[in-house]
Amino acid sequence: MTTTKTAPTGGITAAQRRVLSYVASRIERDGYGPVVREIEQHFGFKSTNGVMCHLHPLRRKGCVDWLDGCSRTLRVTELGYATLRGDA
């Protein structure tokens with residue numbers, strides 16, 4: 001059985017925080033979000049499903065959003081940035 005540790009701020013796990021931080025840094029660097037495959041390669045996930053297992057909870061918690069079916073629309077919300085700062 002696997003246990004998941006929740007980060008102290010924002011109710012997100014440490015792994016979700018790493019993904020959120022990576023997405024935010026790519027947006028800051030490139031001006032747009034990474035595609036799922038780039039996140040997969042960066043973290044060494046075995047499939048894009050592993051990425052989505054982090055992104056969907058972040059979306060439900062209001063930290064990220066994207067347009068379904070459209071590439072490079074992944075964005076960090078104000079709540080997501082607040083969570084990264086420790087304000088949420």
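A polar contact is a pair of N or O atoms within 3.5 Å; within protein, one atom must be able to donate a hydrogen and the other to accept it, and residues adjacent in sequence count only if both atoms are side-chain atoms. This is a predicted model, in which local features need pLDDT of at least 70 and side-chain atom pairs count only at pLDDT 80 or more, while totals for chains, interfaces and linings use all residues. Residues are numbered from 1 along each chain as its sequence is written, and side-chain values use heavy atoms, with hydrogens and water left out.

Figure 1. The side chains of D65 and R59 form a polar contact of 3.1 Å. D65 belongs to strand 1; strands (E, at least two residues) and helices (H or I, at least four residues) are DSSP runs, numbered from the N terminus. With a relative accessible area of 28%, D65 is partly exposed, where buried means under 20%, exposed over 50% and partly exposed in between (1.4 Å probe, protein chains only). Not counting residues up to four places away in sequence, D65 touches R59, T73, L74, R75 and T77, contact being defined as heavy atoms within 4.5 Å.

**Figure 2. The protein chain as a whole.** Four helices and two strands make up the elements of the protein chain, in the order α-α-α-β-β-α from the N terminus on. Of its 88 residues, 34% count as buried. Among contacts between residues at least 6 apart in sequence, 42% join residues at least 24 apart. The protein chain exposes about 5400 Å², of which carbon and sulfur atoms supply 51%; accessible areas come from the Shrake-Rupley method with a 1.4 Å probe, and for residues only the protein chains shown count as cover.

**Figure 3. The largest nonpolar core.** A nonpolar core is a set of buried Ala, Val, Leu, Ile, Met, Phe, Trp, Tyr and Cys residues joined through side-chain atoms within 4.5 Å. The largest one has 16 residues, and L20, V23, I39, L55, L58 and L74 touch the most other members. Helix 1 (14–30) and helix 3 (48–60) each supply at least two residues of this core. Helix 1 gives the largest share, six residues. Leaving aside neighbours within four places in sequence, L58 is in contact with I12, Q16, V19, L20, C63 and V64.

**Figure 4. Helix 3, its buried side and its ends.** The 13 residues of helix 3 should span 18 Å at 1.5 Å a residue, and its end C-alpha atoms are 18 Å apart, which agrees; the expected span is 1.5 Å times one less than the number of residues. Buried in helix 3 are G50, V51, H54, L55, P57 and L58. They lie on the same side of helix 3, because they cover an arc of only 165 degrees around the axis; the arc is that of the directions from the helix axis to the C-beta atoms. On the other side of helix 3, N49 and R60 are exposed. The cover over the buried residues includes helix 1, helix 2 (36–43) and strand 1 (64–65). At the start of helix 3, a side-chain oxygen of S47 comes to within 3.2 Å of the backbone nitrogen of N49. After helix 3 comes G62, with a positive phi near 85 degrees.

**Figure 5. E40 in helix 2.** E40 is placed in helix 2 and counts as buried, at 9% relative accessibility. The side chains of E40 and R37 are joined by a polar contact of 2.7 Å. Apart from neighbours within four places in sequence, E40 is in contact with F45, K46, S47, T48 and V51.

**Figure 6. R72 in the loop between the strands.** R72 lies in the loop between strand 1 and strand 2 (75–76). Its phi is positive, near 60 degrees, in a residue other than glycine. R72 is partly exposed, with a relative accessible area of 33%.

Figure 7. In helix 4 (residues 78–85), the buried residues are G80, A82 and T83. They cover an arc of only 160 degrees around the axis, which puts them on the same side of helix 4. These buried residues pack against helix 1 and strand 2. The face turned away from the buried side carries the exposed residues E78 and R85. Just after helix 4, G86 has a positive phi of about 90 degrees.
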